[in-house]
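Hi everyone, thanks for coming along. I'd like to walk you through one structure today, piece by piece, so do have it open on your screens.

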Amino acid sequence: MNENKPGDSQNLACVFCRKNDDCPNKYGEKKTNEKWNLTVHYYCLLMSSGIWQRGKEEEGVYGFLIEDIRKEVNRASKLKCSICKKNGASIGCVAPRCKRSYHFPCGLERECIFQFTGNFASFCWNHRPVQITSNNYKESLPCTICLEFIQPIPSYNILRSPCCKNAWFHRDCLQVQAINAGVFFFRCTICNNSDIFQKEMLRMGIHIPEKDASWELEENAYQELLQHHERCDVRRCRCKEGRDYNAPDSKWEIKLCQCCGSSGTHLACSSLRSWEQNWECLECRGIIYNSGEFQKAKKHVLPNSNNVGITDCLLGESSPKLPRQSPGSQSKDILRQGSKFRRNVSTLLIELGFQIKKKTKRLYINKANIWNSAIDGFRNKSFNPSYAIEVAYVIENDNFGSEQPGSKQEFLSLLMQHLENSSLFEGSLSKNLSLNSQALKENLYYEAGKMLAISLVHGGPSPGFFSKTLFDCLVYGPEHTQPILDDVSDFDVAQIIIRINTATTVADLKSVINECSNYLEFIGCLRLITTLSDKYMLVKDILVYHVIQRVQEPFKSFKQGLKTLGVLEKIQAYPEAFYSILCHKPESLSAKILGDLFTVHTLPDVKALGFWNSYLQAVEDGKSTTKMEDILIFATGCNSIPPAGFKPTPSIECLHMDFPVGNKCNNCLAIPITNTYKEFQENMDFAIRNTLRLEKEKNSHYIH
């Protein structure tokens with residue numbers, strides 16, 4: 001799928017509506033497949049009545065196969081638009097016995113309703129859903145987005161909030177707000193409700209894209225949140241070296257306020273005997289004591305005492321719902337919650353990382369059997385998730401017992417790769433839990449959840465393979481989650497659902513049900529069919545059983561493991577932040593990203609650094625056999641930047657040698673000092689390519 005250059009797309013017309021307008025807010029994104037010379041508006045394609053998304057997202061156009069698009073265009077060419085009277089009307093009203101068809105832009109002009117959810121239904125101007133209000137407003141009220149006054153009477157262009165009686169909106173204002181906010185931030189502007197509000201707006205034809213908010217996509221938008229406070233702020237600092245002096249494992253180590261984290265003290269300056277003791281700054285102490293909720297017996301502390309066991313690190317499950325609090329309770333709880341809707345996931349993981357103690361636990365990992373050696377290490381009685389992790393690589397059946405120091409982040413990266421491809425999950429790109437009786441018997445779903453939690457807190461990579469359904473089950477609970485057809489990886493079950501969903505008459509529907517009666521009876525979904533619309537409830541029941549009810553026990557076990565170190569609680573509190581790393585792979589690396597990632601610690605060789613920057617650009621431009629990910633793996637053992645960042649920070653040093661050397665334990669890359677750039681690139685390519693090839697051959701069976 002290739003996007004048009006800005007100058008080219010304006011003259012290319014959509015194959016459905018025949019318009020060359022490029023207006024994403026009205027018609028959706030305009031895309032062109034240059035190979036097949038085919039241009040579409042996203043909404044025109046999505047709302048067409050006779051087409052299904054049969055491919056993966058990267059196939060064809062948005063997952064709609066080229067052959068299907070052509071068939072739909074051919075079908076529509078025989079239908080005349082009820083509005084402009086021209087052929088090519090691909091969208092039809094779903095109301096029974098209504099035969100109106102129209103183009104998407106024509107439908108907008110005639111005030112039709114297009115529902116961007118469920119079966120993507122469309123309603124003509126006579127059958128469109130309406131809002132009903134019992135209140136008669138005599139005076140104008142302001143649109144709560146643009147603040148222009150409007151007549152508070154429900155119509156196509158004027159919509160009312162379902163949760164707040166006096167909240168009214170222009171349709172256009174709502175649509176722009178939805179596109180900018182995305183599904184995680186689009187909510188009622190008055191009461192902040194999202195569930196009821198989004199459901200009603202979808203019914204009334206507002207498109208809410210499944211993406212992060214536009215302000216969250218700004219580069220380094222919240223960079224200041226990553227700054228770590230290191231200063232003694234008590235009234236009388238006793239340290240002779242000054243307030244900024246910090247000496248770990250001594251009385252001059254700086255301890256941060258456990259509530260706000262923005263004030264600190266030397267242990268000696270506040271008479272703290274150890275770092276494990278809790279301390280609050282004066283401002284936070286005043287708020288806590290004045291709130292009326294302070295009771296020593298109920299004070300919340302992080303699990304960081306020396307006698308903490310594995311079960312002590314599993315925080316209690318919080319409610320999946322986050323109801324809006326009254327202003328009074330909000331002020332009392334503000335120190336613990338902060339701003340829930342504008343938190344960077346890196347900051348959240350760094351906060352969870354404060355639980356990690358200085359005490360270390362060494363894990364002996366066999367790369368040839370990374371899963372079992374990780375299981376053995378995590379199940380060891382002496383292992384505590386809150387201890388710092390050290391990794392030593394060992395070789396199976398090595399009589400000499402030799403070991404090599406390993407990279408913790410490389411180990412976690414390999415472990416997440418194995419987990420993604422294991423039999424505990426099913427699906428191609430977006431995965432759900434599978435039903436594996438042997439794994440359930442061995443409690444491996446719990447171990448998988450615990451591994452994910454440990455990886456995130458200890459600086460591992462983004463999992464990036466959760467389906468939205470699995471994510472919603474974890475955050476909001478299975479009872480509030482509706483699976484979709486994409487969640488079904490079993491081909492036979494998927495075919496049954498498709499046949500039921502595409503039945504056009506009651507007779508066809510009953511025929512399909514009769515053929516599948518044994519299966520439907522087995523899963524408890526066999527029902528009496530009286531109308532064609534009964535098929536939707538039947539499909540819903542099958543999806544809920546296959547994706548959710550069937551894997552109830554694995555889900556409970558996996559969820560329990562994910563509570564380790566308070567990770568699940570954090571995910572439920574900040575779903576919009578964690579969605580990006582649990583359900584999406586990290587962004588592709590670029591020359592700029594890698595160039596900014598590596599710092600120069602030693603006195604650099606200017607010529608070698610110039611060669612390094614040129615080499616990164618050459619790799620990005622495809623002028624090298626090496627890939628960006630190969631460089632990062634060579635230096636750190638990871639193929640992407642972990643959400644919490646690298647520790648230590650990746651660095652570069654220039655040395656007089658023939659080939660580069662990567663130190664994965666220290667995230668350090670030593671680059672050669674050469675006379676010419678050609679020699680530099682050849683040596684870099686040769687070393688990186690062959691090192692990774694040898695490692696892959698040596699450990700070719702570490703992922704099963």
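Let's begin with helix α7, where the cover over the buried residues includes β9 (158-160), β10 (168-170) and α6 (171-185). The helix itself spans residues 195-203, and its buried residues are Phe-197, Gln-198, Glu-200, Met-201 and Leu-202. If you follow the chain past α7, you come to Gly-205, which has a positive phi, near 90°. Please keep in mind throughout that this is a predicted model.

Now let me zoom out for a moment. The protein chain has 26 helices and 21 strands. Of its 704 residues, 47% count as buried. If you take contacts between residues at least 6 apart in sequence, 61% of them join residues at least 24 apart.

As a reminder, nonpolar side chains in soluble globular proteins tend to be buried together. In this chain the largest nonpolar core has 104 residues, and the members touching the most others are Phe-411, Phe-558 and Phe-578. Which helix gives the most to this core? That is α14, residues 444-457, with nine residues. There is also a second, separate core of 32 residues, and among its members are Cys-44, Ile-91, Phe-104 and Cys-124.

Let's stay with Phe-558 for a moment. Leaving aside neighbours within four places in sequence, its contacts include Phe-425, Leu-433, Phe-466 and Leu-474. Phe-558 also contacts Tyr-445, Tyr-446, Ala-448, Gly-449 and Leu-452.

Helix α14 turns up again when we look at α10. The buried residues of α10 pack against α14, α21 (567-573) and α22 (575-582). Helix α10 covers residues 345-353, and the buried ones are Val-345, Ser-346, Thr-347, Leu-348, Leu-349 and Leu-352. Have a look at the start of this helix too: a side-chain oxygen of Asn-344 comes to within 2.7 Å of the backbone nitrogen of Ser-346.

On to the sheets. One of them is open, with three strands in the order β13-β14-β15 and mixed pairing. Its edges are β13 (360-365) and β15 (403-406), each pairing on one side only. Neighbouring strands here are turned by 35° against each other on average, ignoring direction. β13 and β14 (residues 388-394) run parallel and are joined by six bridges. If you want a landmark, find Ile-365, which stands opposite Tyr-393 in β14. Packed on this sheet is helix α12, residues 408-420, which touches β13, β14 and β15, its direction making about 75° with that of β14.

Another open sheet has four strands, ordered β18-β19-β21-β20, again with mixed pairing. At its edges sit β18 (599-600) and β20, and each pairs on one side only. Between β20 and β21 the pairing is antiparallel, over three bridges. Here the landmark is Gly-662, opposite Leu-669 in β21. Helix α25, residues 628-636, packs on this sheet and touches β20 and β21, with its direction at about 60° to that of β20.

The unreviewed UniProt entry places the feature "active site" at Cys-665. Where does Cys-665 lie? You'll find it in the loop between β20 (661-663) and β21 (668-672).

Setting aside residues up to four places away in sequence, Cys-260 touches Cys-281 and Cys-284. From Cys-260 to Glu-280 is 20 residues in sequence and 8.2 Å in space, C-alpha to C-alpha.

Last stop: Asp-68, in helix α4 (residues 66-76). Asp-68 counts as buried because its relative accessible area is 10%, and buried means under 20%. Its side chain makes a polar contact with the side chain of Arg-54, at 2.7 Å. Not counting residues up to four places away in sequence, Asp-68 touches Ile-51, Trp-52 and Arg-54.

That's my tour, and I'm happy to go back to any part of it.

How values were computed
Residues are numbered from 1 along each chain as its sequence is written. This is a predicted model: local features need pLDDT of at least 70, side-chain atom pairs count only at pLDDT 80 or more; totals for chains, interfaces and linings use all residues. Side-chain values use heavy atoms; hydrogens and water are left out. Two strands pair if DSSP finds at least two bridges between them. Helices (H or I, at least four residues) and strands (E, at least two) are DSSP runs, numbered from the N terminus. Axes are lines fitted to C-alpha atoms, for helices over the stretch in contact, and angles run from 0 to 180 degrees between N-to-C directions. Contact means heavy atoms within 4.5 Å. UniProt positions are given in the numbering used here, feature names are shortened, and annotations may be inferred rather than shown by experiment. A nonpolar core is a set of buried Ala, Val, Leu, Ile, Met, Phe, Trp, Tyr and Cys residues joined through side-chain atoms within 4.5 Å. Buried means under 20% relative accessible area, exposed over 50%, partly exposed in between (1.4 Å probe, protein chains only). A polar contact is a pair of N or O atoms within 3.5 Å; within protein, one must be able to donate a hydrogen and the other to accept it, and residues adjacent in sequence count only if both atoms are side-chain atoms.
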